[in-house]
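Subject: Structure handover

Hello,

Here is the structure you asked to take over. My notes on it follow below the display.

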Amino acid sequence: MQNNHSTRARSDLLRDVFFSPKSAFESYFQKHELGGRDLFVTHLSLAVLGILSKFVSNLIQIFVFKVTNTDEETSLTLFQGVFSVFGFYVLMIFVFRLLDSFRLYHKMRDRLQDWDGPEPHVFTVSFLPFTSTAIFWILPPPFPLVFIGIGTLYSLQLSYMYLSMIRHWTTAEFFFFFLKAALFFMFLAFFPLFIYNIVRTVSF
């Protein structure tokens, strides 16, 4: 029963993100029916749709290619790009979680005025439309990339809408936050490479 209730709550959250964004944030942050684990499961379920969509897309392309080009064989395979699509979305899920963690600590705050601190998982909720674009991998290129772009813009709009209403962020604050976040992720990406190059230089 509890599992069915959580599944329904996740479905309602996903629906509200598209049709009633304010209700989506209210249901998550005020009703406390869902937690971080439920958000992760929702994103992961959408990423699995990417596997199915890409597989069906490959199947359709192979079938159409064989029908229209009977004298040639296609090099496309059923699983080509399937796990790459899934891996891309899983990686982005962790990026959203890191982005939320960075948002929680990038500003100092007065605990006497804001004891509970900022709301967690704002970006994880906001970027549900981005992960939902996994279903569009059933379409031929470049349509999936177009929908990824649209999903990214809509997700950014959702996060700005919430942070501007609840935390009174200005456009400039939102923009500079992402600049800081970009530097943060660049450091995370290049620091291991920097250490690796030092070790390789010393060893060889």
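Of the 204 residues in the chain, 34% are buried. Please keep in mind that this is a predicted model. The chain has 8 helices and 0 strands, and its pattern along the sequence reads α-α-α-α-α-α-α-α. Among contacts with a separation of 6 or more, 70% are between residues 24 or more positions apart.

The UniProt record

The unreviewed UniProt entry lists "transmembrane region" for residues 39-65, 77-99, 120-139, 145-163 and 175-199. I looked at two of these stretches in the model. Residues 175-199 are 100% helix and 0% strand, and the C-alpha atoms at the ends are 37 Å apart. Residues 120-139 are 50% helix and 0% strand, with 34 Å between the end C-alpha atoms.

Helix H1 covers residues 2-19 and includes Thr7. Thr7 counts as partly exposed because its relative accessibility is 34%, which falls between the 20% and 50% cut-offs. Thr7 and Asp38 are 31 residues apart in sequence, while their C-alpha atoms are 8.6 Å apart in space.

Asp16 is also in H1. Its relative accessible area is 13%, so Asp16 is buried, the cut-off being under 20%. Apart from neighbours within four places in sequence, Asp16 is in contact with Pro21, Ser23 and Ala24.

Pro21 is also one of the residues through which H2 meets H7. The axes of H2 (residues 21-29) and H7 (residues 143-166) come within 11 Å and cross at roughly 65 degrees. The crossing is right-handed. On the H2 side the contact is made by Pro21, Lys22, Phe25 and Phe29, and on the H7 side by Tyr154, Leu158, Met161, Tyr162 and Met165. Sorted by class, the residues of this contact are 8 nonpolar, no polar and 1 charged.

Val48 is in helix H3, which covers residues 36-68. With a relative accessible area of 37%, Val48 is partly exposed. Val48 and Val90 are 42 residues apart in sequence, and 9.4 Å separates their C-alpha atoms.

Val90 is one of the buried residues of H4. Helix H4 (residues 82-105) has 24 residues and reaches 36 Å from its first C-alpha to its last, close to the 34 Å expected at 1.5 Å a residue. The buried residues in H4 are Val82, Val85, Tyr89, Val90, Met92, Ile93, Phe96, Leu99, Asp100, Phe102 and Arg103.

Helix H5

Which residues does Thr124 touch, not counting those up to four places away in sequence? They are Leu39, His43, Phe96, Arg97 and Asp100. Of these, Phe96 and Asp100 are among the buried residues of H4. Thr124 itself is in helix H5 (residues 122-126). Thr124 is buried because its relative accessible area is 1%, and the cut-off for buried is under 20%.

Regards

Methods: Residues numbered from 1 in each chain as written. Predicted model: local features only at pLDDT ≥ 70, side-chain atom pairs only at ≥ 80, totals over all residues. Heavy atoms only, no water. Axes fitted to C-alpha atoms, helices over the stretch in contact; angles between N-to-C directions. Helix = DSSP H or I, 4+ residues; strand = E, 2+ residues; numbered from the N terminus. Left-handed = near helix turned anticlockwise from the far one by under 90°. Contact = heavy atoms within 4.5 Å. Nonpolar A, V, L, I, M, F, W, Y, C, P; charged D, E, K, R; others polar. Buried < 20%, exposed > 50% of the residue type's maximum accessible area, 1.4 Å probe, protein only. UniProt positions renumbered as here; feature names shortened; annotations may be inferred. Expected span 1.5 Å × (residues − 1).
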